Amino acid sequence: MTTDASARAIKPELLRTYTEDFNKDRANLIAADAAVSAGVLKAATDYRGVRALPRDFSIELKQGSITNQERSGRCWMFASLNTLRYELMHRWNLEDFEFSETYLFFWDAMEKSNTYLENVLRTLDEPTDSRLFEAINWGPSDDGGWWQMFAALVNKYGLVPKSAYPESENSRNSDDFKQYLNSKLREFAAELRRRSVAGAGEDELRTLKDEYMGTVYRICAVALGEPPEKFDFFARTKDDAKADADGKAESCKCEGKSDAKACKCDKDKSDKPKTGKDERPQIRETGITPLEFYKKYVPVDVNDFATLANAPLKNRPFNQRYRIRFSANVAEAGDMEFVNVPLDVFKKAALDQLTAGHPIWFACDCTQFALRKDGFFDQSVVRVDQLFGTEFTGDKAHGLEYGDSPSNHAMTFTGVNLGEDGKPNRWKVENSWGKDAGRDGYYVMSDAWFDRYVTELIIRKEYLDDATRALLAAEPVELDPWQPLTRRCR
């Protein structure tokens, strides 16, 4: 299409029409007063929508204290650890627990750096302005990620409690650390490519890469401190339990006995003199390794989960397994995979897992029709359509195809409310933005918002139907790194 410059310009006579139309509509003037004074989201908040989403749920899981990723892009890691700590807390009868997010953050930075340099070696013949190299070079060791990156790290490095490797200023606020790490990695990439052009062979380049990784380790250790190889672990179980021979907490043995007029356990307690001493049973470990800790204390295997997507796109047919090239963080672990399934299959898997008492890692576009401070995800709460006087009609396929609503944040489902018809009408969401975001760190999501903006679920394989489980072994369709359904969640 070719037109002259005047045809492409905004015409003054149209501008006059626009302003006349705007000012003669009283609703526009009221909306402008509200939005200019309070901001778009506050001005668009609908109290009726808020009242339609109460914060009680027929199925609700008791989780630990709310966590806070602060000014970092570690949501995928926090959401993953939150799903596992729930299982650990209830297996060992702990009041609260938090894993060290910094521990995996350290190793993720190391592994992403190594994989970036390996990808540079794989693409030495690519021009730097090719689409492939630009995708590889975009964020060599950025914060974001997916569940499968988390699983690869846990498989290789294990887990530690937060007390063994607490937060640092650079884990809480990671921009400066990652800026200079990424700059150094790109310098290394340029030198590897220069040496290759000069005739260096693979062995020489790989030796050079190993030297570079020594510098990467130094940067990570300076920014975060070195991670522990071994550590001590101490915890107390709840008052109403004692630890068995393996450390597992047992409930009162009098519970449920109809002939027990008084609980013998309570009598035993009452016979003891009251002191200020904490008599709760203890769990103690000395010199345990991160892998030993993971295998002993976490009652689930991170490999027993599958990634389900719901992406209604013509070029991503349902009931198919997909693999995204160049998406790994741990080079030897393999690239990210997912199975794309229809919404009914997607939602049933979520309901089955929550009903069975297990939280769910999920990914969505957290910016759409969301109130961060008040804790709502719902288009009926954020009425920007009424505020701006225009309908927002894009569906899920449109949002993914045009990049308007790719997933960018991971959180955890910890509850759902079922209506009289047995169908969900709202979901409870545990976030990792601290207690001041949402209601004490929790959000409520309408079921309509779930359908529109939730694109990924991490589901235990036991809660997949047979047809979906079979797809996990199907030959995957490979996607290029610029074709994923999501950005790395941050």
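**Cavity lining, salt bridges and surface features**

Helix α6 (residues 75–92) supplies the largest share of the lining of the second largest cavity, 3 residues. The model is predicted: local features require pLDDT of at least 70, side-chain atom pairs count only at pLDDT 80 or more, and totals for chains, interfaces and linings use all residues. Residues are numbered from 1 along each chain as its sequence is written, and side-chain values use heavy atoms, without hydrogens and water. Helices (H or I, at least four residues) and strands (E, at least two) are DSSP runs, numbered from the N terminus.

A search of the whole structure finds 3 cavities of 30 Å³ or more. A cavity is a set of points, on a 1 Å grid over the protein atoms alone, where a 1.4 Å probe fits but cannot get out; lining residues have an atom within 4 Å of a point. The second largest cavity has a volume of about 40 Å³. Its lining consists of Thr83, Leu84, Glu87, Val300, Phe305, Gln353, His358, Pro359 and Arg460. By class, this lining has 4 nonpolar, 3 polar and 2 charged residues.

The structure holds 37 salt bridges, each defined by a side-chain nitrogen of Lys or Arg within 4 Å of a carboxyl oxygen of Asp or Glu. In one of them, lysine 156 pairs with glutamate 332, with the closest N and O atoms 2.8 Å apart. Lysine 156 lies in helix α9 (residues 147–157) and glutamate 332 in the loop between β7 (320–324) and β8 (337–340), so the pair ties together parts that are 176 residues apart in sequence. Lysine 156 is partly exposed at 34% relative accessibility, and glutamate 332 is exposed at 57%. Buried means under 20% relative accessible area, exposed over 50%, and partly exposed in between (1.4 Å probe, protein chains only).

Arginine 469 forms a salt bridge with aspartate 466 at 3.0 Å between the closest N and O atoms. Both residues lie in helix α19 (residues 466–471), 3 residues apart, about one turn of the helix. Arginine 469 is partly exposed at 31%; aspartate 466 is exposed at 62%.

A salt bridge also joins lysine 209 and aspartate 210 (3.9 Å, N to O). Lysine 209 is buried, with a relative accessible area of 6%.

Glutamate 226 lies in the loop between α12 (202–224) and β2 (231–236). This residue is exposed at 55% relative accessibility. Its C-alpha atom is separated by 8.9 Å from that of tyrosine 165, 61 residues apart along the chain.

Notes:
On a 1 Å grid over the protein atoms alone, a cavity is a set of points where a 1.4 Å probe fits but cannot get out, and a pocket is an open set with protein on both sides within 12 Å along at least five of seven lines; lining residues have an atom within 4 Å of a point. Grid points are joined across faces, edges and corners, and a volume is the space filled by probe spheres set on the points. Ala, Val, Leu, Ile, Met, Phe, Trp, Tyr, Cys and Pro count as nonpolar, Asp, Glu, Lys and Arg as charged, and the others, Gly among them, as polar.
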